[in-house]
Structure formats: structure tokens, C-alpha cells
Amino acid sequence: MTLLRLVDVTKQVSLGRNRELSILRGVNLDVPPGTSTALLGRSGSGKSTLLAILGLLDRPTTGRYEIDGEDTSRIGGTRLARMRGEWFGFVYQRFCLLNHLSAQENVEAPLLHRGLGRRTRRARAREALDLVGLGDRRDHRPGQLSGGEQQRVAIARALVGQPRVLLADEPTGSLDQDTGATVMTTLYDLTKAQGVTLVLVTHDPVIAQRCDRIVHLDRGTVAA
Amino acid sequence: MMRRFGESLAIAWQGVRRRPLRNLLTAFSLLVGVLAVMLIQGGGGAVRDAIVRDSVLQSGSATTLQVSLTPQPDRLANLTEWKGLLSRATADQQGRTAGMLVADGVTVQVGGVIATDLSVRLTDPDLRELRPFPLVRGSWLTGDPTVAPVAVANTVAWERLPWSAGDAALVIGTSRQPVRLRLAGVVYDGGDLPTIYVDLAGSGRWAAVLHDQAIASVYVHSPTLGESALTQRVRTVMTVSGRADEVGGVQRVDRLDQYADQLATTQRVFLAIAALSLLVGSVGILNIGLATLRERSDELSLRRSFGATSPEVARIMILESQIVAVAAAVVAMVIAAVVLPAALRAAGPEYPLGPPTLPVTAMVTGLLVSCGAALAGALAPAIRAARVPIASIMRV
């Protein structure tokens, strides 16, 4: 059973003057539901681009991307946006929190696009912050939180919409080793507990080891 | 649909809160333009009202005809008779008539001062039905028979001549035949010349003094009939009564039509100035919108990753500008509501018909143009914002 499937996916970007750069070259990948997958590779191997395609942030140049058996190339822009919001939660290397909003408001932010009432949004955001252990910091702004706390707010934000898949792009890349380990524990535990599929980009084999499966990327292709 | 709009509004409000100083400056640039529009429209309206009001006071509202009577031995009796006859012409149209003897060139003494340029107009109280003179002090003519004829001065005559308090003494004619009048009140008649209106009812004894110097007219007004229809009716009345030979002429005297072009030109000039001010505000928003787009691209990509569609992102950008526009318009309304009446009091007509206030139309126009200018300025940044690549969030 496959939740996400990539078939011969390529991604090329134009460099101008008829020059193109191939980032992904014929990638095939199956992601079963409820599992954790680590995309491991050096810088420039195409990990983040692959993650962007998986999260519907980008489209492949060629090839097919299926979500739950549905070919995404046939889905229009509006539905694709809704799917992006409902299916996926994102955790980024540099947290990408909105500095002018409190932790609570940052966690609520994805729910503002889901047609939920204010009370429901607040309750769910509080619940998510409690899950990551930051229930008492909900009124704090990102600038008043440590790096590890900011990433935990980002995890709460990614999970608050109850996504089917959580995509994390080097979530510990901006953190020290101990804080990174704590954040990863939070990430693994919560995704396992909620049955969320995890796809994780990292270049750290230790972090990748904790996943159910490791996919090595090398110069735009799946190495093993 | 409404919930989606509410969500966009909430996000837009967060965006406005994020950059308070920048939005304050944007609002200020809009505020200047909107304030100009409100003041121009409100002030322009007041000027227009003043012009129309003065025109109505001086020559009557549309349609008013002056029926001039040819010289007759007993002009006063003829005037009353003609007024009665001509009132039939508009009896079924809520029309009004008023008789008047204009006695220019009569020597008048007020408090010992000879006022050679004072215009003396013998009339009946109905004149104020045709020309609604605002009463500045005292009372208007009553038409009641009195021993001493009653007069009402216009504000120019009141200010220029040394009227004494209470019953002022006025002497008309030669020193051998002085006629004392009682000053009953003062009105604003929109004119620049010193004038007194004397009640016909008490003027019988001294009207003969005027001899052939006076010009007798009856003013006929109909709020519903046009010039040609009213003229036709007046001529029919003359003919039927068999006294057509006593009429010197019939002419339209209200001048609102003549002012129409002048008012339209004035309004166009005012609008052009307001449009220029708004253009500046709009370009300011465009400039700030485009300048901030780059620094906002991360936030916009993040919103897209949450599931926002391109039109929603554009809507958020536009709503942000609209929040600023509404805030600017509200502040402009408050300022205009204080400034305009003060300016009108300082530079406006001396005897306004009512207290100067900011018209509701000016407020509504201000709000609309503020939102319109903000929309025009926000459109290009909003379209660009909708095109921000979502995947760029991965490279932050």
C-alpha cells in the first residue's frame, strides 16, 4: 500500500540562455502510510526539491506524482492548494515562524485557511502547543523563544491541521546536537502517536537511522 | 464564502499590525488626498449652496418672471390689482406672487446721514415667499396697516448707515414732506447694495412722493411650470382681463441657469485637484506595496504552504490596503468635520442658511475614494504576491 508515489520524476530549472540544470533525474519513490522515511544526501543532491514536490510546493518537470492513487498533474490550482493544506504539514530548517505573531497565533496560522471557527482554532492551537510542551509559552513571540522552542512551535504548527504527512526539511539544521535530539524525539514521538507519515530530509546519518526507511539521494537520483 | 473572507480579513489585520509605522505612513499619504477630497467636496458644496442661495435671494428660484407695469397715475392701486390678477396664473401650481415698487434715486436720510445710493423697494410680505431672506434681527413685514410705514433693511444698509436702536427714524423725500418709517428688522438678501424693503400696506400716504421715479413690477413664481408655460399663462391672464396694454414686458429673472456652467466648471477644477492628490496617495501605496513585496515573499510562500490559493493571497494583500484606507478615511472624516466648519465660518458667507457641517456625501465620497485609491495602489503588488513561488520557502 502506497500513500505517496513518484514515478520517473525529473525536475529541471532554467538558468537562462537555453541552459538548464537537472536537479532530479528519474526518481521513483513509494512512501507507505504511517511510516517514517529519511531522505539522506549531500548538499545539492536534490533532497529539498524532492520534498517540495512531495509537499505540492513544486511540480515535477516530467514524471508522475500520485497521492493516494490520484495523479496530481490532473488537479487544478485551487484543489491542489487545499490538498496542500489538508494533507501536509511542514517543518523547515529555519523554523519560518512569523515574528510579529505569538506562538499561539503562529500555530493557529494554518487553521486560518481551513474554514474553522475562532474558538476551534484557539483550542486546537493550545492543544498542539501542550503536546510539544510549550503550553505555558503560548503568548511569547518567536524572538522570546530559544531555537529548540521555536522548532517545537513549528512542529506544533505542522501538526495542528492534523495532516496525513509531515514533511521536515533538515529540522535540526539550525540547532545544537542536544537540542536537535530533543526536537527529533518530539517529532518522532508525535508522528508515531498520531499515525502521521513522516518524510524527513537530513544529511545526518544518526538522525536518519531512527526512521523506518532511508533513501539515499545522489546528484538527483535515488542511490539505494 | 463569508468565512473565507473573514479568514482573509484576520490575516490582513495581522499583516497591518506587523508594520505599524509603514502602514501609518501609507495611511498618512492617503489621508492627505482623502482630506483634500472631503474638504473640496464639502467646501465646494458650501460655495455652490452659497451661490445658489444668493441667486435665489436676489432673483428668485426657477421659474420666476418679472411682469413690468407701464406707468400709471395710481401705481400702488394697480400693483395690488395686478398681483391679484397674476396670482390666477399659478393658482393651481403652488405658485407665488409679490408686488414691488423700486424707488431708486430717492433721497433718504438715516440718523442725519443722506444715503443717496439706498435702494427703496415697496413690497408686500409675500416677497419672502419668493426669496426666503434669512432674518438677521427683528421681524419681517407683516402687511398690517400701520400709521408709520414699516421697513426692513438689508444687512448692507444696516451696517453702512447709523441706525439708532429701537424704532429708527428714516426720512424720505424732501424736507417739506418727510415720512418717518419704523425699522422692524434686518434681513440678509444676498445683495451688495444697501436696500430697504418697505411694507406696501402702510405706504399709501407717502407713495405719492415717489412720483414717476418708481418702477412697478409683479413677480410671479411657479415651482412646476417652465419659462414658456408660465409666460403663456401670464399673457393669457393679461389678455382675458383686457388690460394687456398696462404691461411693459415679461421676462425671466431667476439666474440659476446662468450659474450652472460656472458651477460645473468650478466643480471640475475641484475634482481635478482632488484626483491629483489621490493619485499621489495611490502611487505611494503602489511604491510601498512593491517595495515590501520582496521582504514579504517568505510569509506569502508560507501562507501558500498552509493551503492558501493565489487569489486568497492577492485578497489578503488588497484587504490590508483596504484596512489602511478605511482607517485613513475615518481619521480624515474626523479632521474634516472639525476643519471644514471652522474654515467656512472664517471664509464663508456672513449669514449662512444653516450651521456649516461636513456633508454625508463628502464623507461617503471620501471613504470610497480612499478605498479606490488604495485598491489601485495595491492591485499590482497583490498580483505579484499571488505569483510568489511557494517552493521559495524551502530556501529560507
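This is a predicted model: local features need pLDDT of at least 70, side-chain atom pairs count only at pLDDT 80 or more; totals for chains, interfaces and linings use all residues.

**The sheet of chain B and its surroundings**

Mentor: Strand β5 (residues 119-123) of chain B runs parallel to strand β11 (residues 195-199) of chain B, and five bridges join them. Take one bridge as an example. Leu122(B) has Val198(B) as its bridge partner in β11(B).

Now widen the view. The two strands sit in an open sheet of nine strands in chain B. Read across, the order is β6-β10-β7-β11-β5-β2-β12-β1-β13. Find β11 and β5 side by side in that order. The pairing in the sheet is mixed. Look at the ends next. β6 (135-138) and β13 (247-252) of chain B each have a single partner strand, so one side of each has no neighbour in the sheet. Neighbouring strands are also turned against each other, by 25 degrees on average, direction ignored.

A helix packs on this sheet. Helix α7 (residues 227-241) of chain B touches β1 (64-69), β12 (215-221) and β13 of chain B. The direction of α7 makes about 165 degrees with that of β13(B).

Step back to the whole chain. Chain B holds 10 helices and 13 strands. It has 396 residues, and 42% of them count as buried. Take the contacts in chain B with a separation of 6 or more: 85% of them come from residues 24 or more positions apart.

Next, a helix pair. Two packed helices are described by the angle between their axes and the distance between the axes. Helix α8 (residues 256-305) and helix α10 (residues 360-386) of chain B have axes that come within 8 Å and cross at roughly 35 degrees. The crossing of α8(B) and α10(B) is right-handed. On the α8(B) side, the residues that meet α10(B) include Leu278(B), Gly281(B), Ile285(B) and Leu293(B). On the α10(B) side, they include Val369(B), Ala373(B), Gly377(B) and Arg384(B). By class, this contact has 15 nonpolar, five polar and one charged residues.

Finally, look at where the chains meet. The contact takes 23 residues from chain B and 25 residues from chain A. In chain B, α1 (2-18) and α8 each supply at least two residues of the side that touches chain A. α1(B) gives the most to that side, with eight residues. By class, the side of chain B that touches chain A has 10 nonpolar, five polar and eight charged residues.

Definitions and conventions: Residues are numbered from 1 along each chain as its sequence is written. Chains are lettered from A and ligands numbered from 1 in the order in which they are written. Two strands pair if DSSP finds at least two bridges between them. Helices (H or I, at least four residues) and strands (E, at least two) are DSSP runs, numbered from the N terminus. Axes are lines fitted to C-alpha atoms, for helices over the stretch in contact, and angles run from 0 to 180 degrees between N-to-C directions. Two residues are in contact if their C-beta atoms, placed from the backbone, lie within 7 Å. A residue is buried if 20 or more other C-beta atoms lie within 10 Å of its own, exposed if 12 or fewer, and partly exposed in between; C-beta atoms are placed from the backbone. A crossing is left-handed if the near helix is turned anticlockwise from the far one by less than a right angle, and right-handed if clockwise. Ala, Val, Leu, Ile, Met, Phe, Trp, Tyr, Cys and Pro count as nonpolar, Asp, Glu, Lys and Arg as charged, and the others, Gly among them, as polar.
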